[in-house]
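Open the model in your viewer and get ready to click along. We'll go stop by stop, and at each one you'll hear what to select and what is there.

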Amino acid sequence: MTTVSPTPTPIPAPQHTPQPAMRMRELVFGAACAAAVRAAARLGVADALGESPTTAAELAAAVEAEPLPLQRLLRALSCYGIFAETEDGQFVHTEMSRLLREDDPHSLRYIALWCTEPWTWQAWPRLDDAVRSGGSVFQELYGKGFFDYLHQDAHESAHVFNRAMTTSSMQSALDVAELLDLTGISVVADIGGGQGHVLASLLEKHPTVRGVLLNLPGVAAKADPRLREGGELAARAEIVPGDCREAIPVDADMYIIKNILEWDDESTRRTLRNVVGAARPGSRVVIIENLVDDSPSMKFTTAMDLLLLLNVGGAKHTKASLCARMADAGLVIGEIRPVNAYLHAFECTVPG
């Protein structure tokens, strides 16, 4: 008698879209992903990996790590498209892993390090406290304000912060220079403009325009070499030490304010009023900021918004909140345009 085996139950095909429970599990382990990116950046794995498939053991020798743990790190990162594993167990670059290289023109290595600095791991678990109080938790955690802590107690973190801000500014400066029309502009002022990368890019593109960089004395002293004495743009550039929250002693046809209106409402109001007070009627004011609405980068900007709440009690703006503050200062708001996926430019004028 022939025995007929029961038909096996088919195994369900894998879900292409994670179910809610699976997605939630992935999200609550988000710290593991951030930590893995940080580890790869600190180890220099992306720099060690060339153009050919490479084993974890070879990479481990290059970065002075243990092969098996490094393989586990790369496997985890590959799940997110950061590196990729070949069928024979070697690793290759992806578009995302290249962004962790020092020499990539769009490198995010220092941004990745900055967003995962040691102090962040202490602050994130206190987010509920910040939401309850509406203010920073930094003073309670470290006994001093955020920037005092960075410069007095966390020198390596301060260095990472400066490199991250420089990288971000240099990458967006070319986008800003491409966007802005300087027809009829003789003098452009970059207010609180960091090291002046935006200003330098504008002066390079417009050889008849003069520029002024206003920033805190310590920052102004480290301005872009192109703007400083002996630099190729120095003859058309003036560097003015000062605090835009206190006064703006600059006469210009166009004022640019980029990514400095996020610390707190009072400093935002003072800065905008100081610009209006300093500018001639009809002067252009261009305000460039990340937004937490109407933007393809909302996952990034809303995360930065929460980090600002934690460290300084600040906030990223919506279009409405930024427009309200500009109107309160007396600016006439014109066109709003995207600079890139992360930034919007608000064109304003000073009324007559």
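This is a predicted model: local features need pLDDT of at least 70, side-chain atom pairs count only at pLDDT 80 or more; totals for chains, interfaces and linings use all residues.

Residues are numbered from 1 along each chain as its sequence is written, and side-chain values use heavy atoms, with hydrogens and water left out.

**The whole view**

Zoom out. The C-alpha trace spans about 105 × 45 × 45 Å along its principal axes. Colour by secondary structure and you get 17 helices and nine strands.

**Stop 1: a pair of helices**

Select residues 56-63, which is helix α4, and residues 67-78, which is helix α5. They pack at an angle of about 110°, with their axes 8 Å apart. Axes here are lines fitted to C-alpha atoms, for helices over the stretch in contact, and angles run from 0 to 180 degrees between N-to-C directions. Angles of 65 to 115 degrees count as roughly perpendicular (under 35 is roughly parallel, over 145 roughly antiparallel, and the rest oblique), and α4 and α5 are therefore roughly perpendicular to each other.

Now show side chains. Which residues of α4 meet α5? Look for Ala56, Ala57, Leu59, Ala60 and Val63, which meet Pro67, Leu70, Gln71 and Leu74 in α5. Contact means heavy atoms within 4.5 Å. By class, this contact has eight nonpolar, one polar and no charged residues. (Ala, Val, Leu, Ile, Met, Phe, Trp, Tyr, Cys and Pro count as nonpolar, Asp, Glu, Lys and Arg as charged, and the others, Gly among them, as polar.)

**Stop 2: the nonpolar cores**

A nonpolar core is a set of buried Ala, Val, Leu, Ile, Met, Phe, Trp, Tyr and Cys residues joined through side-chain atoms within 4.5 Å. Select Leu70, Leu77, Phe83, Leu100, Trp114, Trp119 and Leu150: these have the most contacts inside the largest core, which has 41 residues. Helix α7 (residues 109-114) gives the largest share of this core, five residues. Apart from it lies another core of 28 residues, among them Ala189, Ala252, Ala329 and Cys348.

Click Leu150. Not counting residues up to four places away in sequence, Leu150 touches Trp114, Trp119, His155, Ser157, Ala158 and Phe161.

**Stop 3: the sheet**

Next, show the strands. Seven of them form an open sheet in the order β5-β4-β3-β6-β7-β9-β8, with mixed pairing. Two strands pair if DSSP finds at least two bridges between them. At the edges sit β5 (237-241) and β8 (332-338), each pairing on one side only. Neighbouring strands are turned by 20° against each other on average, direction ignored.

Select β6, residues 254-258. Five bridges join β6 to β7 (residues 284-289), and the two run parallel. Within that pairing, Met254 stands opposite Arg284, and Ile256 stands opposite Val286. Four bridges join β3 to β6, also parallel, with Ile257 as the bridge partner of Ile191.

Is β6 covered or open? It is mostly covered: five of its five residues are buried. Met254, Ile256 and Lys258 lie on one side, Tyr255 and Ile257 on the other.

**Stop 4: helices around the sheet**

Then pick α13 (197-205). Seven of its nine residues are buried, so α13 is largely enclosed by the rest of the structure. What covers its buried residues includes α12, β3, β4 (210-215), β5 and β6.

**Last stop: two single residues**

Gly193 is in the loop between β3 (187-191) and α13. At 14% relative accessibility, Gly193 counts as buried. Gly193 and Ile256 are 63 residues apart in sequence, yet 8.1 Å apart in space, C-alpha to C-alpha.

Finish at His344 in strand β9, which is buried at 6% relative accessibility. Beyond neighbours within four places in sequence, the contacts of His344 include Ile287, Glu289, Asp294 and Lys319.

How values were computed: Buried means under 20% relative accessible area, exposed over 50%, partly exposed in between (1.4 Å probe, protein chains only).
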